[in-house]
Amino acid sequence: MTTSVIDLRSDTVTRPTVAMRAAMANAEVGDDVLGDDPTVIALQERIAHIMGKEAACFLPSGTMANQTAIRAHTEPGDEIIAHEGSHIIHYETGSPAALSGVMIRPTFGPLGLFDADQVESLVRPRSSHFANSRLLIIENTHNRGGGSVWPLEQIQRVVAAARKHDLRCHLDGARIWNASAKTGISVAEYAKPFDTISCCFSKGLGAPVGSAVCGSKAIINRVHRFRKMFGGTMRQSGIIAAAALHALENHRARLVEDHVNARVLGEELANIKGLVLNLAEVQTNMVFFDLDGTVKMNAEQMCDALRKQGVLMIPTGPRRIRAVCHLDVNTAQVKEAARHVAACVRG
Ligand code: TLP
């Protein structure tokens, strides 16, 4: 793909910077399966510290991070409470069922959020008839919720409700960095109520690969075991851990720029007749918009038309499109992308 393409499909599309590649090239490595890759060890210690947890396990993807955490917390036949729009339901290929043998009881609410009373109403009584309600999962920021940020008090209420019933709690914090950049609340503060948090280095932070699960030593030992079982153990992975370490030190502060660009894009798109977009819902680096009935194309056709003009976005529903800002797009490019959208809408 040429560099003139404006790729807004996801913040996963970023390429490592020159400085990041240098950090990777210079990384000291060992065999992480044998436990002696010094850069992986350094990353795990660093991310555990940043999250305020005892231990961390480095994994190849956010999906594996979530799935090893789910497996570590549950037994087959258990039930998870999670929002209907969550990544674990939509984009992890049914793996809670396939890899952990668990059911998901969905909860609902605008922007991927819900509240304590909903958790209370979904926990099943302990009885031989029912699945064991075992785990609560929330996603912050919430991807299909528009990159929405959970208010901390709401998290605390929801987790307190889960704790009353002895549920464990996991945070899908793939983009917890964006939540923290938006509110100024530290990622450790966001992670505190949870037994485990997964986070990604390969999204807004711009590393090419990698995620982590953080939690107590005991739960991370289990995550480590399931990482091996799920085939996610890596050898000289210090080479990618170095990119993650570089991203943690150098790319966190700049996330606010992506939020500014998303707002600019949102404002431009909101002015285009035929598009429906609520600017209050543009909270971090994502912009979702809908095509109203006057637009002849559906979302897929619109994304195809945009692609021909060098602008990439993703359809997330029949008439819904997602654009994500990241370190490889600047303000001028998001404005240009909006001009192409306007041209496509006009036909
Ligand atoms: N999300 C991807 C796609 O899978 C949709 C994206 O482009 O946004 N949790 C959340 C909240 C995520 O958004 C993602 C990736 C993951 C977990 C999984 O991460 P990976 O892709 O590394 O397995």
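Two strands count as paired if DSSP finds at least two bridges between them. With that rule in hand, let's walk through this predicted model, starting at a pairing that meets the rule: β9 and strand β10 (residues 286-291) are joined by 2 bridges and run antiparallel. Within that pairing, V276 has D290 in β10 as its bridge partner.

These two strands belong to an open sheet of 4 strands, ordered β9-β10-β13-β12, with antiparallel pairing. At its edges sit β9 (275-276) and β12 (314-317), each of which pairs on one side only. Helices accompany this sheet. Helix α12 lies across β9, β10 and β13 (320-324) and runs at about 15° to β10. Helix α13 (residues 299-308) also packs on the sheet, where it touches β10, β12 and β13; its direction makes about 175° with that of β12.

Now follow α12 to another of its contacts. Two packed helices are described by the angle between their axes and the distance between the axes. For helix α8 (residues 176-183) and helix α12 (residues 255-270), the angle is about 80° and the axes are 9 Å apart. Since angles of 65 to 115 degrees count as roughly perpendicular, α8 is therefore roughly perpendicular to α12. On the α8 side, the contact involves W177, N178, A181 and K182, which meet L255, V256 and H259 of α12. By type, the residues of this contact divide into 4 nonpolar, 2 polar and 1 charged.

Setting aside residues up to four places away in sequence, N178 touches T141, L255, H259, T284 and N285.

Next comes another open sheet, this one built from 7 strands in the order β2-β8-β7-β6-β5-β3-β4, with mixed pairing. Its edge strands are β2 (55-59) and β4 (103-107), each pairing on one side only. Direction ignored, neighbouring strands here are turned by 20° against each other on average.

With strand β6 (residues 168-173), β7 pairs in the parallel sense over 4 bridges, and L171 has I197 of β7 as its bridge partner. With strand β8 (residues 211-215), β7 pairs in the antiparallel sense over 5 bridges. There, C200 is partnered by S211 and C199 by A212. How many residues of β7 are buried? The count is 5 of its 5 residues. T196, S198 and C200 point one way from the strand, while I197 and C199 point the other way. Helix α2 (residues 38-51) lies across β2, β7 and β8, running at about 125° to β2.

Key. Residues numbered from 1 in each chain as written. Predicted model: local features only at pLDDT ≥ 70, side-chain atom pairs only at ≥ 80, totals over all residues. Heavy atoms only, no water. Axes fitted to C-alpha atoms, helices over the stretch in contact; angles between N-to-C directions. Parallel < 35°, antiparallel > 145°, perpendicular 65-115°, else oblique. Contact = heavy atoms within 4.5 Å. Nonpolar A, V, L, I, M, F, W, Y, C, P; charged D, E, K, R; others polar. Buried < 20%, exposed > 50% of the residue type's maximum accessible area, 1.4 Å probe, protein only.
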